[in-house]
Structures are given as C-alpha cells and as structure tokens.
Amino acid sequence: MIYSNRKYADKLRKRILLGGVIILVGLAALLLLQLFNWVAIGATVFVAAFLFIAALNLQYIRIFDEKEKIIIRYFSVFAISRLFQSIELPVTNLMKAEAEKHLGGIKTDLVLTVRTRQGVAVYPPVSLSGVKRKERKQIIEELNQLIPRKKE
C-alpha cells in the first residue's frame, strides 16, 4: 500500500491561507471605514477559525509498506520548522488500526495498537484530518488487512 495526501493537503492549505488573507483584507477595509464593531466581530471570527484549524492539526501523510514493515511519515501542513515524524513497525506486531473521531467527527486520528515484548502498546495518534473522508476509511481497512491472522 502506498498512500500520500500531498496534493489534497496542498489544496487545503492554499484555500485556508487564501481565506485568511481575505478576512484580513476585509478587516483592514472595515478599520479604514471606522466600523469598529464589525472589526471586533471579524477579528473574533478570524481567531476562532485560527484556533479551529490549529485543533484539526492538518498533516501531510505518507504511508507505505516495505519488507514486512509499515512506515508512516507525517508532518504538519502549517509547521514552520517542518519537523518530520515517523512510525515504523513490523507488520507482524500490528494488532489493530482504528480511527478516533473528535470535534463532532470533523477531526479524525489514526491510532495503531501493536504487540511488544512488554505487552500491548498504542502509538501516538496521527491526524487524518488532511485526508479525504473516503480515503480515511480505506487507509484503516488496508492497515487492518495487513494484520496477521492466527492459524487455527
């Protein structure tokens, strides 16, 4: 399985940045017209939208399997430092891949449960908010298909 949301995340990023610029230009125009009540309302909307987008934690994600390993590489769409993070795990250790929904189902996180020598471990969640809804479900299904089944 090879998956990357680069194109879709770039499109989301551009739309969000364009929307922010439009709001800021509108606020500047309202400020010049001395409509301070509307400036306050617009600034509140801008800050609320900024906090909502920050809570979504949109990420570029690349998932691939290579030589019996699952590799997930990801980093934030709006990060300044572009710190890449990576999860690498043997396919044989994967127990469960599931989606956790937050913010009323708008934010979705990928949670991987793996078997270790010490017991069961859960990787930190990877945000799938920058992935199309249909593709989120497909990613979870494909990861769960990779789970080794016990022979009976």
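Trainee: Is Thr 113 buried or exposed?
Mentor: This is a predicted model. In it, Thr 113 has a relative accessible area of 10%, so it counts as buried, the cut-off being under 20%.

Trainee: Which strand is Thr 113 in?
Mentor: Thr 113 belongs to strand β6, which covers residues 107-116.

Trainee: And what is Thr 113 in contact with, leaving aside neighbours within four places in sequence?
Mentor: Asn 93, Leu 94, Met 95 and Lys 96, and also Val 120, Ala 121 and Val 122.

Trainee: Switching to rings. How many aromatic pairs does the structure hold?
Mentor: Two. One of them is Tyr 60 with Phe 75, a tilted pair with 5.0 Å centre to centre and 45° between the planes.

Trainee: Where do Tyr 60 and Phe 75 lie in the chain?
Mentor: Tyr 60 is in strand β2 (residues 59-66) and Phe 75 is in strand β3 (residues 69-76). They are 15 residues apart, and the pair links distant parts of the chain.

Trainee: Are those two buried or exposed?
Mentor: Tyr 60 is buried, at 5% relative accessible area. Phe 75 has 10% relative accessibility and is buried as well.

Trainee: Which residues make up the ring cluster?
Mentor: Tyr 60, Phe 75 and Phe 84, linked by ring pairs.

Trainee: Back to Tyr 60. What sits over its ring?
Mentor: The charged end of Arg 6, 4.5 Å from the centre of the Tyr 60 ring.

Key. Residues are numbered from 1 along each chain as its sequence is written. This is a predicted model: local features need pLDDT of at least 70, side-chain atom pairs count only at pLDDT 80 or more; totals for chains, interfaces and linings use all residues. Side-chain values use heavy atoms; hydrogens and water are left out. Rings of Phe, Tyr and Trp (its six-membered ring) pair if their centres lie within 6.5 Å; planes under 30 degrees apart count as stacked, over 60 as edge-to-face and the rest as tilted. Helices (H or I, at least four residues) and strands (E, at least two) are DSSP runs, numbered from the N terminus. Buried means under 20% relative accessible area, exposed over 50%, partly exposed in between (1.4 Å probe, protein chains only). A charge sits over a ring if NZ of Lys or CZ of Arg is within 6 Å of the ring centre and within 35 degrees of the ring normal. Contact means heavy atoms within 4.5 Å.
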